[in-house]
Amino acid sequence: MMDHKPRKRFGQNFLHDGVIIDRIVRAVSPKKGQKLVEIGPGLGALTLPILQQLGRLQVVELDRDLIPRLEKLCADQGELTIHSADALKFDFSALCAENEKLRLVGNLPYNISTPLIFHLLQSVDKIHDMHFMLQYEVVRRMAATPGGRDYGRLSVMCQYYCQVQALFTVRPGAFNPPPKVNSAIVRLTPHTEPLVEVGDVVLFAKLVRQAFSQRRKTLRNTLKTLLSAAQIEACDIDPSVRAETLSLAQFATLSSYYSEHVS
């Protein structure tokens, strides 16, 4: 199966370490009857063992050359449904009925991982959980707490929508070709109830994005088109601090104030 040459434009790094594969599958713990979707199955390292446990699996794959290989690999192993599509444009919520929720898993291409996470967060009401292999630095940013350089827009938005758990790291040698960075497995579990009230989620996302648009500047400068310094102070927040110092609750306070008094 490894005669397929990994394509840089698709960000392909194929997982081949059996110990890591088994550890990921155990972390996901697929159960019969669950609706699981794999993003970027590649050569099927995770696809086959998950399909064997579930009996039914859907995958989303952009590289059309890999589809016949997946079909051959998984023949007679269960019901494999392949969606030949770009995950960044794919409507995952369309895969489940009204009362169903998806479980997502994947070794995500590192060149699109952050925009893909933001895309998936738009469908969290249809998602039970997500287990992804990502660049270690991305997982660190997702789980970061206020005050450090890793904390940013990705941290705030992921933590608004989900509980973020960094599970374990994966060395470059587990892949072909080996990436130049370490990787990590992360579990994202959407909150059943919001941790904070934000007023309008779209406005909340806009405010967070703008607050981090120029990390070295203070809130007084980054948010000046949305909130004045006096309005920021009215939220009991110092307008002279940077966005990276604010907690999720403080961003929610700013967003709620903006929804109620400005927008």
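View 1. Cys162 is buried, with a relative accessible area of 2%, where buried means under 20% relative accessible area, exposed over 50% and partly exposed in between, for a 1.4 Å probe and protein chains only. Cys235 also counts as buried, at 8% relative accessibility. The cysteine sulfur closest to that of Cys162 belongs to Cys158, and the distance of 6.6 Å is too far for a bond. A disulfide is a covalent bond between the sulfur atoms of two cysteines, taken here as a pair of cysteine sulfur atoms within 2.5 Å, and by this rule the count is zero. The model is predicted, so local features need pLDDT of at least 70 and side-chain atom pairs count only at pLDDT 80 or more, while totals for chains, interfaces and linings use all residues. Residues are numbered from 1 along each chain as its sequence is written, and side-chain values use heavy atoms, with hydrogens and water left out.

**View 2. Tyr151 and Phe212, an edge-to-face aromatic pair.** Five aromatic pairs are found in a search of the whole structure; rings of Phe, Tyr and Trp (its six-membered ring) pair if their centres lie within 6.5 Å, and planes under 30 degrees apart count as stacked, over 60 as edge-to-face and the rest as tilted. In one of these pairs, the rings of Tyr151 and Phe212 are 6.2 Å apart centre to centre, with 75° between the planes. Tyr151 lies in the loop between α5 (136-143) and α6 (153-161), and Phe212 in the loop between α7 (201-211) and α8 (219-222), so that the pair links parts of the chain 61 residues apart; helices (H or I, at least four residues) and strands (E, at least two) are DSSP runs, numbered from the N terminus. Both residues are buried, and Tyr151, Phe212 and Phe251 form one aromatic cluster.

**View 3. Tyr160 and Phe204, a tilted pair.** The ring centres of Tyr160 and Phe204 are 5.0 Å apart and the planes stand at 45°, so this pair is tilted. Because Tyr160 lies in helix α6 and Phe204 in helix α7, the pair ties together parts that are 44 residues apart in sequence. Both Tyr160 and Phe204 are buried.

**View 4. Arginines over aromatic rings.** The charged end of Arg23 sits over the ring of Phe168, 4.0 Å from its centre, and Arg153 lies over the face of Phe118, at 4.0 Å from the ring centre. A charge sits over a ring if NZ of Lys or CZ of Arg is within 6 Å of the ring centre and within 35 degrees of the ring normal.
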